[in-house]
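Student: Hi! Could we go through this one together, starting with how the strands pair?
Tutor: Happy to, here it is.

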Amino acid sequence: MKLLIISGLLLLTMIGTRAQEPRYTAENQTVVNLTTGKAQGEKQEGIYVYKGIPYAHATRFMPPEAPESWDGIQTFTEYGHVCPQAPMPIDNDFISNQRIAVEGEDCQNLNVWTPRINDGKKRPVMVWLHGGGFQTGSAIEQRVYDGTNLSRKGDVVVVSINHRLNVLGFLDLSAYGEEYKYSGNVGTMDMVAALKWIQSNIEASVEIPTMSPCLGNREAVLRLSS
């Protein structure tokens, strides 16, 4: 009887250990080298996905600075924070279909979808800039912002960006001190920092050109022109 109990416990231990094994195998390796360290994403429907990668960090009202480095392998399988913003009404289908996102001032992060990594093929990069009149919105607010299908059908790398909005990104406080001279434009500076990150990192990781076309709605045109 004791032998059966011990055997059963050993079997449960083996099953539990096997269930906790990493989901990433040699055939499904997603680790890439970034300027800040090694990043691990996940493979979804044949597309390599990296969510919430920091492209910068910043103190409130201050210009963005280079992101901090890390040791070992950092996992990026969850979306990062979006900029704090006023709540949106939910009385129409467009708004009600939004994802629920976690807000936080550390919102300088981006998401990447790519068909392959390190395969030697150069692919175009498409950068998505969300709308919202510089007041609201995020890179993940709508389910159609998911870049999986576009990446697969177009054989392109899709990048969506979160950045500072509203008073956190565009409030001019320059009258209150020299240190705030850029406060009215730090949201745009975040976007520039993201594009620089793309040029520095994505080519090395997925072998693509450094010139990246941007796409978005009406606000995207204003952002690019600024």
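Tutor: β6 and β8 pair in the antiparallel sense over 4 bridges; pairing needs at least two bridges found by DSSP. Helices (H or I, at least four residues) and strands (E, at least two) are DSSP runs, numbered from the N terminus. This is a predicted model, so local features need pLDDT of at least 70 and side-chain atom pairs pLDDT 80 or more, while totals for chains, interfaces and linings use all residues. Residues are numbered from 1 along each chain as its sequence is written, and side-chain values use heavy atoms, without hydrogens and water.

Student: Which residue stands opposite V159 in that pairing?
Tutor: V112 does.

Student: And in which sense do β7 and β8 pair?
Tutor: Parallel, over 4 bridges. There, V127 has V159 as its bridge partner.

Student: What unit do β7, α3 and β8 make?
Tutor: A right-handed β-α-β unit, with α3 covering residues 148–154. Right-handed means that, with the strands pointing away from the viewer, the path from the first strand over the helix to the second runs clockwise.

Student: How many residues of β8 are buried?
Tutor: 5 of its 5. Buried means under 20% relative accessible area, with a 1.4 Å probe and protein chains only.

Student: Which way do they point from β8?
Tutor: V157, V159 and I161 point one way, V158 and S160 the other. In a regular strand the side chains alternate between the two faces of the sheet.

Student: Why does S160 count as buried?
Tutor: Because its relative accessible area is 0%. Beyond four places in sequence, S160 touches N109, L110, N111, W113, W128 and A139, where contact means heavy atoms within 4.5 Å.

Student: Which residues touch the most other members of the largest nonpolar core?
Tutor: Y55, L110, V159, I161, W197 and I198, out of 25 residues. Such a core is a set of buried Ala, Val, Leu, Ile, Met, Phe, Trp, Tyr and Cys residues joined through side-chain atoms within 4.5 Å. The largest share of this core, 6 residues, comes from α5. Apart from it lies another core of 5 residues, including V49, W113, V156 and V158.

Student: Changing topic, how many disulfides are there?
Tutor: The count comes to 0, taking a disulfide as a pair of cysteine sulfur atoms within 2.5 Å.

Technical notes. Buried means under 20% relative accessible area, exposed over 50%, partly exposed in between (1.4 Å probe, protein chains only).
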